[in-house]
Every structure is written in structure tokens, then in C-alpha cells.
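I open these notes with the model in view. I list what I looked up, entry by entry.

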Amino acid sequence: MRFAFVYRQGCEQKLVDFYDYLQERGHIIDYINPEYVIVLGGDGTILRAAREYRDSLDQIKMIGINFGKLGFYTDFLPDEFKEMISLIESNQYSICRLPLLKYEFTTDQGSEIGYALNEITVVNPLHTQRIDIYINNEMFESFKGTGIVISTPSGSTAYNKSLGGSVVDINLKAFQLTEIASINNRVFATLGSSMVFGEGNVITLKSPSFSGTTFTCDDLHKSATEMKELRATISDRYIQLVTKKNHSFWDRVKKAFLE
Ligand code: NAP
Ligand code: MN
């Protein structure tokens with residue numbers, strides 16, 4: 001089998017051991033065309049791995065080994081490496097397919113399309129910004145406040161959750177819009193609740209000015225000052241994550257947040 005690694009700083013020593021073990025067992029290390037990408041780190045490292053292998057997500061399966069703190073995406077511990085490899089060799093694992101959010105960031109110069117595994121956000125920490133929210137090209141509400149988060153089901157337990165958004169079952173092909181500190185008064189009023197949208201819906205964010213605003217996609221950020229509009233929808237692309245058999249999404253939520 002062909003394996004590649006994505007790792008975060010501090011995991012180099014383990015990486016050497018893992019390399020040796022895979023080669024002893026006759027496996028191939030192939031960074032260009034792997035079947036399995038083993039991710040050593042935390043959720044942040046999974047976000048990076050999904051970006052690095054974005055063009056071949058259909059062909060690869062990701063395996064997360066938790067060297068992080070929370071490890072929502074990482075199902076295995078470093079000590080379980082050999083056990084994990086034998087699960088792979090004997091095909092005794094489950095796959096969970098996590099849908100990616102697709103966005104289109106438009107400026108006067110054109111549009112850029114990208115994908116998020118957790119979420120995209122539009123945030124202005126200094127001034128309140130007005131954001132007009134369109135659902136399927138129809139004006140829905142005019143928001144004024146700090147920003148908007150649009151998350152995937154697997155991202156619903158990240159930033160979205162800190163804002164009081166719902167935790168969404170990863171088996172739903174849906175996406176969620178959550179507010180960051182909206183102003184609600186006689187002039188500006190928003191629904192307030194986070195909203196969950198099914199497949200096929202498109203959210204568009206527009207503003208008289210995005211000056212001073214930041215756009216984020218997972219762990220990356222850039223200026224949104226030149227942005228004219230941002231469109232988002234749940235895409236047909238997935239990452240395939242290797243999990244232990246019988247380790248359900250709700251088990252993982254319980255382990256991460258309640259135990
Ligand atoms: P970070 O600031 O180092 O880590 C954010 C924290 O969220 C880490 O504890 C991370 O776990 C955890 N996390 C990431 N994805 C998660 C998920 N899907 N479910 C549950 N927890 C998750 O930043 P980072 O590691 O580069 O990750 C970027 C993410 O940070 C963004 O996608 C956003 O969701 C999140 N964020 C959260 C807030 C907030 O809650 N107020 C604000 C900004 C950004 P690990 O320790 O395993 O990496
Ligand atoms: Mn992190």
C-alpha cells in the first residue's frame with residue numbers, strides 16, 4: 001500500500017519510527033500518489049492535510065493520529081500505530097465522508113473558488129460591518145455586527161460551536177450560518193438563530209464595504225477589503241476519514257466535549 005505523511009512540528013521522531021515500520025512491512029512511501037495520508041498532529045494538521053491533497057481527495061483516505069490537544073478529527077493515538085496499520089491491512093475500519101464547503105470569493109478582478117473543511121468566516125474585529133445575506137439570490141436579512149461564520153457539519157463543533165451554533169450530524173449534507181455578535185435594534189434586525197441549510201442552497205454575502213474585513217478559510221486568512229461578494233454552498237467533494245469501527249460521530253462528540 002502507498003502511504004504519505006503530513007505532520008506538525010515536534011512529531012519528527014515518531015515519523016522516523018513509523019516510516020521504518022511501514023517499510024519493514026513492505027509498504028511504499030509515496031507523497032505524490034498515496035492511497036492513505038497519515039496525519040500526525042491535531043485537527044489543525046488535518047485541515048492542512050486536506051488542503052495539501054485537495055486535488056486528489058477522492059483517491060485518498062486520511063488517517064489522523066492525535067498529537068494535538070483536542071483531536072476531533074484524529075481517531076488514533078500514537079501508541080496505536082501498529083494496531084491501526086493492521087486494521088488498514090485487513091480492511092477492518094470504517095470510513096466517514098466529510099463534505100466540504102465550496103465558496104466563491106469575488107472581486108472586480110474575478111472570482112476565486114475554494115473549499116473549507118471546517119468553515120469560512122467574514123470578520124471585522126474593529127468596526128461593526130453590515131452584511132446583506134441572500135438565500136438563493138433572494139435578500140433575507142441585513143446583518144450588522146462582528147461577522148458571519150459558515151460551517152460544514154464536521155466544522156460545526158469548531159468555531160461554530162463556540163458561537164452557540166448547532167452540532168450537526170456529519171451524515172447530513174448540510175451547512176450552517178452563524179452570527180458573531182449581531183446588533184439588534186429598531187434599525188437592524190436579524191433572525192438571530194443559527195440556520196442550517198440543505199444541499200442545493202446557496203448563501204451570498206454582500207456589503208456596501210468590506211473595508212478592514214478579514215476572510216478566513218479554516219486556518220488561513222486574508223483581507224476581504226476588495227471582496228464584492230462571497231457565495232457559499234455545500235459541495236460534492238468529501239474527505240474520507242478512517243475511523244475505528246463502531247466509533248460513531250456522537251461518540252466522538254461525547255468524548256471531545258463531555259468526558
Ligand atoms: P487553533 O486556534 O490552534 O485551534 C482551534 C481549536 O479548535 C483547537 O483546539 C483545535 O483542535 C480545535 N478544532 C479544530 N477543528 C475542530 C473541529 N472540527 N471540531 C472540534 N474542534 C476543532 O487553530 P487551528 O488548529 O489552526 O484550527 C483552525 C480552526 O480554529 C478554525 O477552523 C476554527 O474552527 C477554529 N477557531 C475557533 C475559534 C473559537 O472557537 N472562538 C476562533 C477562531 C478559530 P486541535 O488542538 O486538535 O488542533
Ligand atoms: Mn491547532
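**Conventions.** I work from a predicted model, in which local features need pLDDT of at least 70, side-chain atom pairs count only at pLDDT 80 or more, and totals for chains, interfaces and linings use all residues. Residues are numbered from 1 along each chain as its sequence is written, chains are lettered from A and ligands numbered from 1 in the order written, and side-chain values use heavy atoms, with hydrogens and water left out.

**Ligand 1, shell.** I looked up which residues surround ligand 1 and found 18, the closest being Asp43, Gly71, Glu119, Thr157 and Ser162. A residue is taken as near if one of its heavy atoms lies within 4 Å. By class I read 6 nonpolar, 7 polar and 5 charged residues in the shell. Here Ala, Val, Leu, Ile, Met, Phe, Trp, Tyr, Cys and Pro count as nonpolar, Asp, Glu, Lys and Arg as charged, and the others, Gly among them, as polar.

Helix 2 (43-52) and helix 4 (159-162) each supply at least two shell residues. Helix 2 gives the largest share, 3 residues. Helices (H or I, at least four residues) and strands (E, at least two) are DSSP runs, numbered from the N terminus.

A backbone N or O atom of Gly71 is 2.9 Å from an oxygen atom of ligand 1. The side chain of Thr157 has an N or O atom 2.7 Å from a nitrogen atom of the ligand. For the side chain of Ser162, an N or O atom is 2.5 Å from a ligand oxygen atom. Of the 840 Å² of accessible area that ligand 1 has on its own, the protein covers 64%. Areas come from the Shrake-Rupley method with a 1.4 Å probe; for residues, only the protein chains shown count as cover.

**Aromatic rings.** My search of the whole structure gave 12 aromatic pairs. One of them, Phe5 with Tyr19, is stacked, at 5.5 Å centre to centre and 20 degrees between the planes. Phe5 sits in strand 1 (residues 2-7) and Tyr19 in helix 1 (residues 12-24), 14 residues apart. Rings of Phe, Tyr and Trp (its six-membered ring) pair if their centres lie within 6.5 Å; planes under 30 degrees apart are stacked, over 60 edge-to-face, the rest tilted.

Phe5 is buried at 3% relative accessible area, whereas Tyr19 is partly exposed at 24%. Buried means under 20%, exposed over 50%, partly exposed in between (1.4 Å probe, protein chains only). I also recorded one aromatic cluster formed by Phe72, Tyr73, Phe249, Trp250 and Phe257.

**Ser142.** I found this residue in strand 9 (residues 138-151). Its side chain makes polar contacts with the side chains of Arg130, at 3.3 Å, and Asp132, at 2.7 Å. A polar contact is a pair of N or O atoms within 3.5 Å; within protein, one must be able to donate a hydrogen and the other to accept it, and residues adjacent in sequence count only if both atoms are side-chain atoms.

**Positive phi.** Most residues other than glycine have a negative phi. Asn91 has a positive phi of about 60 degrees; Asn91 lies in the loop between helix 3 (81-89) and strand 5 (94-107) and is exposed at 56%. Asn136 has a positive phi of about 50 degrees; Asn136 lies in the loop between strand 8 (129-135) and strand 9 and is partly exposed at 35%.
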